[in-house]
Amino acid sequence: MKERSTLVLSLALLGGLAAGSYWLAEQARLGDAAQRARRHEPDYFVDRFALTRMDENGRGRYSISADRVVHYPDDDSTEMTQPRLVSLAAERARVSMRAERGHISSDGVEVLLSGNVEIHRAPSGKDAETTLRSPSLLVLPEQDIARTSEPVEMLRGGSRMAARGLEFDNGKRLTQLNPQHLAGARVHATFEPKSHAATAAAKTTR
């Protein structure tokens with residue numbers, strides 16, 4: 001009877017020790033996670049990241065890839081190194097974007113590209129090939145829209161234009177450069193598909 005009581009007591013002590021050890025380990029884990037969140041430290045990263053967004057019919061809408069993706073739990077944001085975005089909708093011209101860095105918002109709605117941003121729109125029908133360059137660009141992938149208030153350089157066909165600010169809507173096939181003072185002239189340019197009645201509009205006020 002005495003030996004049985006001793007065995008039961010020993011098992012109880014071992015069980016209590018195991019439970020206490022688990023509780024301490026769990027508290028340490030939660031504490032480390034909380035500290036990482038306060039310090040804006042990453043909780044995971046992925047090298048050679050690639051993601052394709054599909055539509056309701058299983059066709060590709062757009063893809064996002066990067067050399068490295070790092071996630072931060074404190075604000076649920078994602079940072080990308082050498083990001084690349086490509087629109088895949090078959091009914092629209094192929095548009096690709098690349099930059100040195102990228103930031104994806106916590107809800108995944110916005111992608112901010114920065115550092116030598118370049119947009120390339122492939123020729124489509126009567127629309128000429130277009131290349132745009134800017135220091136930064138805000139992209140709304142679901143809407144196929146991009147915009148910036150930074151300086152922009154545009155090369156389209158044989159023409160070139162510089163401006164400050166851009167609204168790029170691939171769905172509407174519209175590229176609008178915002179006004180900028182250049183050499184004393186205020187320039188506003190809007191380029192539309194050649195199928196429109198007005199193929200291009202440019203207004204200059206001195």
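Leaving aside neighbours within four places in sequence, which residues is Leu113 in contact with? Contact means heavy atoms within 4.5 Å. The partners are Pro83, Leu85, Met97, Ala99, Arg101, Gly102, Pro135, Ser136, Leu137 and Val139.

Ground rules. This is a predicted model, with pLDDT of at least 70 needed for local features and 80 or more for side-chain atom pairs, while totals for chains, interfaces and linings use all residues. Numbering runs from 1 along each chain as its sequence is written, and side-chain values use heavy atoms, without hydrogens or water.

Now the core. A nonpolar core is a set of buried Ala, Val, Leu, Ile, Met, Phe, Trp, Tyr and Cys residues joined through side-chain atoms within 4.5 Å; buried means under 20% relative accessible area with a 1.4 Å probe, protein chains only. The largest core has 25 residues, and Met97, Leu113 and Leu137 touch the most other members. Strands S2 (60–72), S5 (95–98), S7 (111–121), S8 (130–140), S9 (145–156) and S10 (159–169) each supply at least two of its residues. Strands are DSSP E runs of at least two residues, numbered from the N terminus.

Next, pockets. On a 1 Å grid over the protein atoms alone, a pocket is an open set of points where a 1.4 Å probe fits, with protein on both sides within 12 Å along at least five of seven lines; lining residues have an atom within 4 Å of a point. The largest pocket is lined by 24 residues, with Arg61, Tyr62, Ala89, Arg92 and Asp144 nearest its centre. S2 gives the largest share of that lining, four residues.

The second largest pocket has 15 lining residues. S1 gives the most, six.

Note on methods: Buried means under 20% relative accessible area, exposed over 50%, partly exposed in between (1.4 Å probe, protein chains only).
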